[in-house]
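Please consult the sequence and coordinates alongside the text.

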Amino acid sequence: MLAYVFFHRVAPGIETPDYEAALRRFHAALAGEPPRGFIGSSTYRVGGTYADWYLVEGSAALDVLNEAAVSGARSASHDSVAHMATDGAGKLLALLSGSAAAGAAFEIRFSKPAGMGYPELYDRLKPWTDRAGVTLWRRMMVLGPPPEFCLLAPSEVQLPAEMKPEALRREPV
């Protein structure tokens with residue numbers, strides 16, 4: 001499973017309640033006529049920005065989602081929210097562990113320490129990734145800004161400082 005995460009802000013002069021209502025309309029339109037390979041989507045307020053999480057079965061579904069998001073019954077709701085957004089950037093993540101459930105209250109972004117191999121990192125993360133409700137995501141093919149990893153958790157966790165963690169509260173829109 002992959003997640004395309006789109007980070008964005010409300011454009012100057014746009015009221016937050018109007019923006020969030022437009023986001024909800026767009027995601028409802030997408031869910032109403034889901035494209036092939038689309039699992040689901042949701043939006044969160046995260047650290048002063050918004051993050052739309054689009055879950056898809058695999059990379060082949062990304063082209064389908066990209067086209068579907070701006071066409072047909074979804075066109076008007078997409079265009080409405082797109083005109084209210086600014087500072088957009090995306091990231092492609094792969095689910096490494098856990099079950100992708102919506103609603104995790106915290107997003108912990110972090111990096112693999114220099115010189116550490118992936119197997120060692122995954123072993124070091126087991127005390128957290130083995131917990132119920134925790135998912136580990138890894139950036140794919142350097143598609144998107146750093147850091148490379150994202151841990152979603154129902155409560156705040158403290159990762160080792162060498163991983164340069166940034167814990168952010170996620171609030172569903």
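Strand β4 supplies the largest share of the lining of the largest pocket, namely six residues. Strands (E, at least two residues) and helices (H or I, at least four) are DSSP runs numbered from the N terminus. The model is predicted, so that local features need pLDDT of at least 70 and side-chain atom pairs count only at pLDDT 80 or more, while totals for chains, interfaces and linings use all residues. Residues are numbered from 1 along each chain as its sequence is written, and side-chain values use heavy atoms, with hydrogens and water left out.

The volume of this largest pocket is about 420 Å³. A pocket is defined on a 1 Å grid over the protein atoms alone as an open set of points with protein on both sides within 12 Å along at least five of seven lines; a cavity is a set of points where a 1.4 Å probe fits but cannot get out, and lining residues have an atom within 4 Å of a point. Grid points are joined across faces, edges and corners, and a volume is the space filled by probe spheres set on the points. The pocket has 22 lining residues, and Y4, F6, Y54, A69 and H78 lie nearest its centre. Two or more lining residues come from each of β1 (2-10), α1 (16-32), β3, α2 (60-69), α3 (75-82) and β4 (85-97). By class, the lining comprises 14 nonpolar, six polar and two charged residues. Here Ala, Val, Leu, Ile, Met, Phe, Trp, Tyr, Cys and Pro count as nonpolar, Asp, Glu, Lys and Arg as charged, and the others, Gly among them, as polar.

Helix α2, one of the contributors to that lining, has A61, L65, A68 and A69 as its buried residues. These residues cover an arc of only 95 degrees around the axis, which puts them on the same side of α2; the arc is that of the directions from the helix axis to the C-beta atoms. On the other side of the helix, A60, D63, N66 and E67 are exposed. Buried means under 20% relative accessible area, exposed over 50%, and partly exposed in between (1.4 Å probe, protein chains only).

The structure also holds one cavity of 30 Å³ or more. At least two lining residues are supplied by each of β1, β4 and β5 (106-110).

Rings of Phe, Tyr and Trp (its six-membered ring) pair if their centres lie within 6.5 Å, and planes under 30 degrees apart count as stacked, over 60 as edge-to-face and the rest as tilted. The ring centres of W53 and W137 are 5.5 Å apart and the planes stand at 70 degrees, so this pair is edge-to-face. It links distant parts of the chain, with W53 in strand β3 (residues 49-56) and W137 in strand β6 (residues 135-139), 84 residues apart. W53 counts as buried at 5% relative accessibility, as does W137 at 1%.

In the tilted pair of Y118 and Y122, the centres are 6.1 Å apart and the planes form an angle of 35 degrees. The two tyrosines are four residues apart in helix α4 (residues 118-129) and are therefore separated by about one helical turn. Both count as partly exposed, Y118 at 27% relative accessibility and Y122 at 25%. Together with F110 and F149, Y118 and Y122 form one aromatic cluster. The charged end of K112 sits over the ring of Y118, 5.0 Å from its centre, and R138 lies over the face of Y118 at 3.8 Å from the ring centre. For such a contact, NZ of Lys or CZ of Arg must be within 6 Å of the ring centre and within 35 degrees of the ring normal.

Some backbone details remain. In the loop between β6 and β7 (149-153) lies P147, which a cis peptide bond joins to P146, with omega at about 5 degrees. M141 is found in the loop between β6 and β7; its phi is near 50 degrees, a positive value in a residue other than glycine.
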